[in-house]
Amino acid sequence: MERTLIIFKPDCIKRKLEGKVLDIFLSKGFNLKACKMMKLDMDILSRHYDHLKDMPFFPGIVDFMTSDNVMVLVFEAENAISKARELLGPTDSKKAEKGTIRGDFGTDMRMNVCHASDSVESAEREIANFFLPEEIF
């Protein structure tokens, strides 16, 4: 079993898609291990997007990710990371096929409904960034 971090981004929350997206994950066999609503700030975003913070587009990510609340979730499943990324579709929603979360609900590269961990190492780091061990069930 593998764990992955998923963030329902501000566009997901603003458009009231969180119930639909959560249902998709649960119906595909993911087990919800942790969940909380958050208002992200520069401190947590700098840690989460450490690999991007020197890029010219980083301020835009910060503006978007702080524009509304987010839901941060930990899911567990067999091959959770690759399975979640397949379920979401490509990062650029315009290139995502219908039937994927981003293809059905996303609008572009940034407003793509969800963030998903891209590796076991990233998932471990990201989960620890958002949750204390005792918050994961």
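Four strands make up an open sheet in the order β2-β3-β1-β4, and the pairing is antiparallel. Two strands count as paired if DSSP finds at least two bridges between them. Strands here are DSSP runs of E with at least two residues, helices are runs of H or I with at least four, and both are numbered from the N terminus. The edge strands are β2 (31-38) and β4, each of which pairs on one side only. From one strand to the next, the twist averages 20°. For angles, axes are lines fitted to C-alpha atoms, for helices over the stretch in contact, and the values run from 0 to 180 degrees between N-to-C directions.

A word on the source. This is a predicted model, in which local features need pLDDT of at least 70 and side-chain atom pairs count only at pLDDT 80 or more, while totals for chains, interfaces and linings use all residues. Residues are numbered from 1 along each chain as its sequence is written, and side-chain values use heavy atoms, with hydrogens and water left out.

Now the strands one by one. β2 and β3 are antiparallel and share seven bridges, with Met 38 opposite Val 70 in β3. Strand β3, residues 70-77, also pairs with β1 over seven bridges, again in the antiparallel sense. There, Glu 2 stands opposite Ala 77. On to β4: three bridges join β1 to this antiparallel strand, and Phe 8 faces Cys 114.

Is β1 mostly covered or mostly open? Mostly covered: in this strand, residues 2-8, five of the seven residues are buried. Buried means under 20% relative accessible area, exposed means over 50%, and partly exposed is in between, with a 1.4 Å probe and protein chains only.

Next, a buried residue in a helix. Val 21 sits in helix α2 and has 0% relative accessibility, so it counts as buried. Leaving out residues up to four places away in sequence, Val 21 touches Phe 8, Cys 12, Ile 101, Phe 105, Val 113 and Cys 114. Contact means heavy atoms within 4.5 Å. Ile 101 is 80 residues from Val 21 along the chain, yet their C-alpha atoms are separated by 7.2 Å.

Two loop residues come next. Most residues other than glycine have a negative phi. Lys 16, in the loop between α1 (10-14) and α2 (18-27), has a positive phi near 55°. Its relative accessible area is 69%, so Lys 16 is exposed. Asn 79, in the loop between β3 and α5, has a positive phi near 50°. With 46% relative accessibility, Asn 79 is partly exposed.

Last, the largest pocket. How much space lies in it? About 540 Å³. On a 1 Å grid over the protein atoms alone, a pocket is an open set of points where a 1.4 Å probe fits, with protein on both sides within 12 Å along at least five of seven lines, whereas from a cavity the probe cannot get out; lining residues have an atom within 4 Å of a point. Points are joined across faces, edges and corners, and the volume is the space filled by probe spheres set on them.

The lining of the largest pocket has 22 residues, and Lys 9, Tyr 49, Leu 52, Thr 91 and His 115 lie nearest the centre. Elements giving two or more residues to this lining are α4 (58-65), β4 (114-116) and α7 (120-130). By type, the lining divides into nine nonpolar, six polar and seven charged residues. Nonpolar covers Ala, Val, Leu, Ile, Met, Phe, Trp, Tyr, Cys and Pro; charged covers Asp, Glu, Lys and Arg; the others, Gly among them, are polar.
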